[in-house]
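Thanks for asking me to look this one over. Here are my notes, point by point, to read alongside the coordinates.

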Amino acid sequence: MDDQERNRKLDELAYLEATLDAQYPYRTFKPNAKQAEFIENFCRDGAYIVNYCGGNGSGKTTVPTVMLAAMIWGSMGNPVFAHPFIEKYPHPKRVRIVTESTAAMPTGPLATEIKKWWPAGRYESVKLGKNYYSQIQTDNGWLIDVMVLNQELQEFESGTFGMIWFDEPPTKEIFDACLARTRAGGMVPITMTPLYSGAWIKDDLIDRMAFPRVQTTFSSLEDNCKTHGVGGVLEHEHIEKMIALWDPEMIEARVSGKFLHLSG
């Protein structure tokens, strides 16, 4: 093969790679160190409840969003997700996401992250009478229900799910109701900034339940900083501006992911 032919082949390969990146944006996802730790914990043998306690902007919503995309459509060449537990997820292909009402809105962080990372045209979001997209159906048989934390408790007492993802801490009652939905096998990731609720998670899950059943990653804003983190995406000057305006009592939770009831 001469140089001209070799260059032509390389150009074709680069074009195909760029096309795949555009079609499957999560191919380009590179985790920071704490996001990588969370993925590792999720795939750990024997894990069941996987916590990500992070400050605002630490990437805690992003990582389950891209991980779900890889579960549904495959790693598509991203080595971050080249793990059998992700590419051949053994549990029911039905997911429940539980989040705050504002986060679930069409312009909220959950919908924004899904739109950013998931392949357009390969899923359909419907509201089903809600003011947010309450169900997502993929083109290959996955079904994702979205619920909000202020729904009535009995609404959480139905269905069989292969994953329950809490994006912010639930009450103990909602958690128990949802946990029963994994009766056919499943995983329970909890991603949160533990501000006003969730003290019971620290007391009942993190401190009392045994490794490896419960896995916990603590992540700060600095872990997602370009300057001070490994693989971070935030500019340090922007982090400093936010911190300067927060109530001192909130800083440990908002910056370091520390449970607010332990602050000080």
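1. I'll start with a local detail in helix α2: Glu 37 and Lys 34 sit 3 residues apart there, so about one helical turn separates them. Their side chains meet in a salt bridge, at 3.7 Å from N to O. By salt bridge I mean a side-chain nitrogen of Lys or Arg within 4 Å of a carboxyl oxygen of Asp or Glu. Glu 37 is partly exposed at 26% relative accessibility, and Lys 34 is partly exposed too, at 23%. The burial classes are buried for under 20% relative accessible area, exposed for over 50%, and partly exposed in between, with a 1.4 Å probe and protein chains only.

2. Before going further, a word on provenance. This is a predicted model, in which local features need pLDDT of at least 70 and side-chain atom pairs count only at pLDDT 80 or more, while totals for chains, interfaces and linings use all residues. Residues are numbered from 1 along each chain as its sequence is written, and side-chain values use heavy atoms, with hydrogens and water left out.

3. Now the overall picture. The protein has 10 helices and 8 strands; these are DSSP runs numbered from the N terminus, with helices being H or I of at least four residues and strands E of at least two. Of the 264 residues, 47% are buried. The accessible surface comes to about 12,800 Å², and carbon and sulfur atoms hold 53% of that; the areas come from the Shrake-Rupley method with a 1.4 Å probe, and for residues only the protein chains shown count as cover.

4. The sheet deserves a look. Its 8 strands form an open sheet with mixed pairing, in the order β3-β4-β5-β2-β6-β7-β1-β8, where two strands pair if DSSP finds at least two bridges between them. At the edges stand β3 (123–126) and β8 (214–219), each with a single partner strand, so one side of each has no neighbour in the sheet. On average, neighbouring strands are turned by 15° against each other, direction ignored.

5. How many bridges join β1 to β8? There are 6, and the two strands run parallel, with β1 covering residues 49–54. Gly 54 stands opposite Ser 219 in β8.

6. Helix α2 (residues 33–42) lies across β1, β6 (163–167), β7 (188–192) and β8, running at about 175° to β8. Helix α8 (residues 199–206) lies across β1, β7 and β8, at about 140° to β1. Contact here means heavy atoms within 4.5 Å. Axes are lines fitted to C-alpha atoms, for helices over the stretch in contact, and angles run from 0 to 180 degrees between N-to-C directions.

7. Helix α3 (residues 62–73) is mostly covered, with 12 of its 12 residues buried, including Met 67, Leu 68 and Trp 73. Its 12 residues should span 16 Å at 1.5 Å a residue, and its end C-alpha atoms are 17 Å apart, which agrees; the expected span is 1.5 Å times one less than the number of residues. Just after α3, Gly 74 takes a positive phi of about 90°.

8. Back to charges: the structure holds 9 salt bridges. One of them links Arg 27 and Asp 21 at 2.8 Å, N to O; Arg 27 is buried at 14%, whereas Asp 21 is partly exposed at 28%. Asp 207 and Lys 202 form another, with closest N and O atoms 2.9 Å apart. Here Asp 207 is partly exposed at 48%, while Lys 202 is buried at 17%.
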